[in-house]
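Visitor: I have a structure to look at, and I would like to learn how to read it feature by feature. Could you guide me through it slowly?

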Amino acid sequence: MAHLLHIDSSVQGDRSVSRSLSARAAQRWRATHPGGTVTYRDLAVNPIPHLDAATGTARLVPAEARTPAQETSFALSAELVGEIKAADTVLLGLPVYNFGAPSTVKAWVDHIVAPGLSTDAETGGGLLGGTDFIVLASRGGGYGPGTPREGWDHAEAWLPHAVSLTGLQPRFITAELTMAEVNPAMAGLKPLAAESLSRALVRIDRLWAADENAA
């Protein structure tokens with residue numbers, strides 16, 4: 001039976017563009033996978049603990065040498081990796097905060113890059129490469145080629161590298177200039193924002209269809 005892992009990370013609740021995009025993608029997945037099951041994780045509502053001095057090395061020491069805090073942290077990593085392994089598809093809603101990914105997403109990535117869980121402890125090869133990883137991203141501004149802040153979106157540049165050891169290969173569907181609707185200084189960019197959102201919605205609606213790659 002097909003299984004979806006749906007993850008959100010925006011703190012904006014119902015106002016979030018990335019949440020609306022991931023919800024639409026999840027709806028599309030359900031429509032094209034009748035009988036499929038879904039696991040949902042909200043990193044903003046139930047954040048994953050960041051690695052710290054007490055837990056950071058839990059994935060690097062033998063089981064018999066782990067402290068209780070490390071054992072708890074390792075068990076969480078195993079749970080998170082298990083959620084990915086159980087899924088055919090992972091959807092991640094990814095807003096851009098201060099030109100990067102939310103810290104909660106960084107914490108999730110830090111937990112899932114784990115020798116013996118997501119990477120082969122002997123060879124270092126990734127163990128999650130068979131999972132379709134779709135990122136529904138939103139950017140308040142525009143950071144594309146030729147713009148004043150070209151290259152300032154460090155979330156999209158970072159994530160493929162961050163998960164590369166696991167074998168995951170994210171593909172992005174992005175809506176940008178989302179702040180144009182609420183920032184008077186960006187009012188002139190509303191048409192471009194609408195075009196970007198429309199393109200993202202079209203790509204979502206083509207997911208899991210024969211013409212998906214035509215977007």
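Guide: We will go through the sheet, the nonpolar core and the aromatic rings in turn. This is a predicted model, in which local features need pLDDT of at least 70 and side-chain atom pairs count only at pLDDT 80 or more, while totals for chains, interfaces and linings use all residues. Residues are numbered from 1 along each chain as its sequence is written, and side-chain values use heavy atoms, with hydrogens and water left out.

Visitor: In what order do the strands form the sheet?

Guide: Strands (E, at least two residues) and helices (H or I, at least four) are DSSP runs numbered from the N terminus, and two strands pair if DSSP finds at least two bridges between them. Here 5 strands make an open sheet in the order 2-1-3-4-5, with parallel pairing. Strand 2 (37–42) and strand 5 (170–175) are the edge strands, each pairing on one side only. Strand 4 (residues 132–138) pairs with strand 5 over 6 bridges in the parallel sense, and leucine 136 stands opposite isoleucine 173 in strand 5.

Visitor: Which residues of the largest nonpolar core touch the most other members?

Guide: In soluble globular proteins, nonpolar side chains tend to be buried together. A nonpolar core is a set of buried Ala, Val, Leu, Ile, Met, Phe, Trp, Tyr and Cys residues joined through side-chain atoms within 4.5 Å, where buried means under 20% relative accessible area, exposed over 50%, and partly exposed in between (1.4 Å probe, protein chains only). The largest core has 32 residues, of which Ile84, Leu92, Leu94, Trp108, Ile112, Phe133 and Leu159 touch the most other members. A second, separate core of 14 residues includes Leu4, Leu21, Ala26 and Leu136.

Visitor: How many aromatic pairs does the structure hold?

Guide: Rings of Phe, Tyr and Trp (its six-membered ring) pair if their centres lie within 6.5 Å; planes under 30 degrees apart count as stacked, over 60 as edge-to-face and the rest as tilted. The structure holds 3 such pairs. The ring centres of phenylalanine 99 and tyrosine 143 are 6.0 Å apart and their planes lie at 75 degrees, so this pair is edge-to-face. Phenylalanine 99 belongs to the loop between strand 3 and helix 3, and tyrosine 143 to the loop between strand 4 and helix 4, so the pair ties together parts 44 residues apart in sequence.

Visitor: Is each of these two residues buried or partly exposed?

Guide: Phenylalanine 99 counts as partly exposed at 27% relative accessibility, whereas tyrosine 143 counts as buried at 12%.
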